[in-house]
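The following exercises are to be worked with the sequence and the model at hand. Each task is followed by a solution in steps.

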Amino acid sequence: MSQETSPEAGLPGVTGRSAGPLDEVDRRILDELVRDGRLSVRTLAERVHVSRTNAYARVERLLRDGVITGFRAQVAPEPAGLGTSAYIALTIQQNTWREVSAELARVRYVEHVALLSGEHDVLALVRAPDNATLRDVVLERVQGIAGVLSTRSWLVFEEFTGAQSPWP
């Protein structure tokens, strides 16, 4: 199974072409790969009840269309030494999203960033080893980015993937 991804995948401000609608087999393939991205094509085909050739072709199409953007290990933050997590909401100057997002992408411990509508402009998930590091990330690194007007932080006490999530 190819593990190549589009060079643009995951880059801020880059949008892919629109893929066609997913059918039930595509959804089952995605469900299985989200559960275990290391599945062989043979096992995947058996689980979704299609031929190996069909499973391989569908995975390649899902990759080509940008539906699957890659394969990676899911890491539990606390056992990996990142015991403090927080969501950081940023208010930024108008028209600075590209510059701010480029800088946020370079800040260590920033795991995820989203452009929002509403009261705040940007939401970032930060996972740090401890509160002192989190404080440094927010007060020194994030607030030091040109275009960031203010931040607001929420500590994460516990987290889980919802039972009704489309991807287990």
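**Exercise 1. State the volume of the second largest pocket, list its lining and sort the lining residues by class.**

Step 1. The second largest pocket has a volume of about 170 Å³. On a 1 Å grid over the protein atoms alone, a pocket is an open set of points where a 1.4 Å probe fits, with protein on both sides within 12 Å along at least five of seven lines. The volume is the space filled by probe spheres set on the points, which are joined across faces, edges and corners.

Step 2. The model is predicted: local features need pLDDT of at least 70 and side-chain atom pairs count only at pLDDT 80 or more, whereas totals for chains, interfaces and linings use all residues. Residues are numbered from 1 along each chain as its sequence is written, and side-chain values use heavy atoms, with hydrogens and water left out.

Step 3. The lining, meaning residues with an atom within 4 Å of a point, consists of Pro77, Glu78, Leu82, Gly83, Thr84, Ser85, Arg127, Leu155, Val156, Phe157, Glu158 and Glu159.

Step 4. These residues divide into 5 nonpolar, 3 polar and 4 charged. Ala, Val, Leu, Ile, Met, Phe, Trp, Tyr, Cys and Pro count as nonpolar, Asp, Glu, Lys and Arg as charged, and the others, Gly among them, as polar.

**Exercise 2. Determine the strand order of the open sheet and explain which strands stand at its edges.**

Step 1. Pairing requires at least two DSSP bridges between two strands.

Step 2. β2 (110–115) and β4 (148–155) each have a single partner strand, so one side of each lacks a neighbour in the sheet.

Step 3. On average, neighbouring strands are turned by 20 degrees against each other, direction ignored; the axes are lines fitted to C-alpha atoms.

Step 4. β2 and β3 (residues 122–128) run antiparallel and are joined by 5 bridges. Ala114 stands opposite Leu123 in β3.

**Exercise 3. Characterise the packing of helix α3 against α2 and α1.**

Step 1. Helices are DSSP runs of H or I with at least four residues. Helix α2 (residues 41–48) packs on helix α3 (residues 52–64) at an angle of about 105 degrees, with the axes 8 Å apart. For helices, axes are fitted over the stretch in contact, and angles run from 0 to 180 degrees between N-to-C directions.

Step 2. α2 and α3 are therefore roughly perpendicular (65 to 115 degrees).

Step 3. The contact (heavy atoms within 4.5 Å) involves Val41, Arg42, Leu44 and Ala45 of α2 with Arg52, Ala55, Tyr56 and Val59 of α3. By class, this contact has 6 nonpolar, no polar and 2 charged residues.

Step 4. The axes of helix α1 (residues 24–35) and α3 come within 11 Å and cross at roughly 80 degrees.

Methods
Helices (H or I, at least four residues) and strands (E, at least two) are DSSP runs, numbered from the N terminus. Angles under 35 degrees count as roughly parallel, over 145 as roughly antiparallel, 65 to 115 as roughly perpendicular and the rest as oblique.
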